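Thanks, everyone. Let me put the structure up, and then we'll walk through it.

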Number of protein chains: 2
Amino acid sequence: MLLCDIGNTSYHFLDGERDYKKDVDTFDASSIVEKVYYICVNSEVNAVLESLNNWIDISLFIDKSQYYKTMGIDRIVAVEALSDAVIVDAGSAITVDVVKNSHFLGGFIYPGVEAMQKTYINISPALDYSFNFDLDLDIMPKNSQDAISYGFLKTLYSEVIRHKLLVVLTGGNAKELQKIFKDAKVDERLIFNGMKQIIKKAKLC
Amino acid sequence: MLLCDIGNTSYHFLDGERDYKKDVDTFDASSIVEKVYYICVNSEVNAVLESLNNWIDISLFIDKSQYYKTMGIDRIVAVEALSDAVIVDAGSAITVDVVKNSHFLGGFIYPGVEAMQKTYINISPALDYSFNFDLDLDIMPKNSQDAISYGFLKTLYSEVIRHKLLVVLTGGNAKELQKIFKDAKVDERLIFNGMKQIIKKAKLC
């Protein structure tokens, strides 16, 4: 079974146990002849895929009644994959979604690592430090690097752990964030696992 | 007594009860003949003021042993003004400093309202919403505007109130933040009050 999670910049494929990425600007989706089960947040790519019969949009098989209209399909699929967790998907944005007894309680959007780094540099060149992910969150900072690292990470941490649920990290910066969320589980294939569950439930294959 | 708090963009004067601002790029500091007690985070302006005998840099009269070298003098003066508080100074950055029994415990730097707004827009045009300061912080969001507002405001809130101290808001966005920090005290003259205390303690006038 070939799965594909399409974002703003790349097609992310899972073929059995092997995953690989293709650039949205250069990859030709019609070059694939086998069946592909996909989700897509990129509206331009979506328009292309709708015309290809072997590309199957699994978002059509999700009951979306508990979600909201502008919520990204990747967030929805991640929530569908778990019954009790705070899901932290750390990419260009960090989305945080809370699911309890398989019920979606809501979620929020926080800037991603790279976006936040740029934000501090734009405020002042004096804040041009990389984040310290080895920061001790129990100590209030007394230097500039830790002051911005704490501003970015501890605020997020305080809000996430407040829910007293298992924290599941996914997305490109999951491993960096695990240094802060020490009890969290990293699941880089959370979205693919969610997709598989939806496919199984809808008896698509 | 004439006081002046100089930032990256303006001279902020307090003359008795009246306060006013002058642009750092156009204001001629030598046009003032009376004594001015000042603090300044702008290194270019600082170099000019050092040559003017009637401009008195009150940062020289503060015991800085409990602070750190790159900490802004405006943050230090605000901490000097209070004995037990979390000081939230909301300008281009939001600085958060904790003082307990007149002892500085440390602080962090979070992006300001305008900077964070730009950050979300740069991540995705789909996040181009103004922040909702009337957000109910007890409810997890289920729409995009609240999802970014919560990401910006609730994370900050959760960390600030954790200290269980009086929250004092100052800076240009203090009143907006008061909608979130409902029990906070707004003190737009906190830095001037801190300056007055330092002048009194050092017997400068």
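Start with the interface. This is a predicted model, and in it chain B and chain A bury about 3100 Å² between them. Carbon and sulfur atoms account for 66% of that area. Three residues stand out on the chain B side. Ile109(B), Met140(B) and Lys142(B) supply 21% of the area that chain B buries against chain A, more than any other three residues.

Now the contacts. 37 residues of chain B touch 37 residues of chain A. Between the two chains there are 19 residue pairs in polar contact, both partners at pLDDT 80 or more. Which elements of chain B give two or more residues to this side? They are strand S7 (93-100), strand S8 (103-111), helix H3 (113-123) and helix H4 (144-161). H4(B) gives the most, with 10 residues. By class, the chain B side has 20 nonpolar, 13 polar and four charged residues.

Next, charge across the interface. The count between chain B and chain A is two salt bridges. One of them joins Lys154(A) to Glu159(B), at 3.7 Å from N to O. Glu159(B) also has a partner in its own chain: its side chain meets Arg162(B) in a salt bridge at 2.9 Å, N to O. Is Glu159(B) buried or exposed? Glu159(B) is buried, with a relative accessible area of 0%. Arg162(B), by contrast, is partly exposed at 37%.

Lys154(B) sits in helix H4 of chain B. Its relative accessible area is 4%, so Lys154(B) counts as buried. What does Lys154(B) touch, leaving out residues up to four places away in sequence? Two of its contacts are in chain A, Glu159(A) and Arg162(A), and two are in chain B, Leu137(B) and Ser149(B). There is a backbone partner as well. The backbone oxygen of Leu137(B) lies 2.8 Å from a polar atom of the Lys154(B) side chain.

On to salt bridges in general. Side chains of opposite charge can pair when their charged atoms come close. Over all chains, the structure holds 14 salt bridges. Take Asp19(B) and Arg189(B), whose closest N and O atoms are 3.3 Å apart. This pair links distant parts of the chain, 170 residues apart. Asp19(B) is in strand S3 (residues 18-23), and Arg189(B) is in the loop between strand S10 (185-186) and H6. Asp19(B) is partly exposed at 37% relative accessibility. Arg189(B) is partly exposed at 24%. In chain A, Glu17(A), Asp19(A) and Arg189(A) are linked in a network of salt bridges.

Then there is Asp97(B) with Arg75(B), a salt bridge at 2.7 Å between the closest N and O atoms. Asp97(B) lies in strand S7 and Arg75(B) in helix H2, so the pair ties together parts that are 22 residues apart in sequence. Both residues are buried.

Last stop, helix H6 of chain B. H6(B) covers residues 190-201, 12 residues in total. From first C-alpha to last, H6(B) reaches 17 Å, close to the expected 16 Å. Its buried residues are Leu190(B), Ile191(B), Phe192(B), Gly194(B), Met195(B), Ile198(B) and Ile199(B). What do they pack against? The list is strands S1, S2, S4, S6 and S9, plus helix H2, in chain B. Just after H6(B), Lys203(B) takes a positive phi of about 50°.

How values were computed: Residues numbered from 1 in each chain as written. Chains lettered and ligands numbered in written order. Predicted model: local features only at pLDDT ≥ 70, side-chain atom pairs only at ≥ 80, totals over all residues. Heavy atoms only, no water. Contact = heavy atoms within 4.5 Å. Buried area = accessible area lost by both parts, 1.4 Å probe. Salt bridge = Lys/Arg side-chain N within 4 Å of Asp/Glu carboxyl O. Polar contact = N/O pair within 3.5 Å; in protein donor to acceptor, adjacent residues only side chain to side chain. Helix = DSSP H or I, 4+ residues; strand = E, 2+ residues; numbered from the N terminus. Nonpolar A, V, L, I, M, F, W, Y, C, P; charged D, E, K, R; others polar. Buried < 20%, exposed > 50% of the residue type's maximum accessible area, 1.4 Å probe, protein only. Expected span 1.5 Å × (residues − 1).
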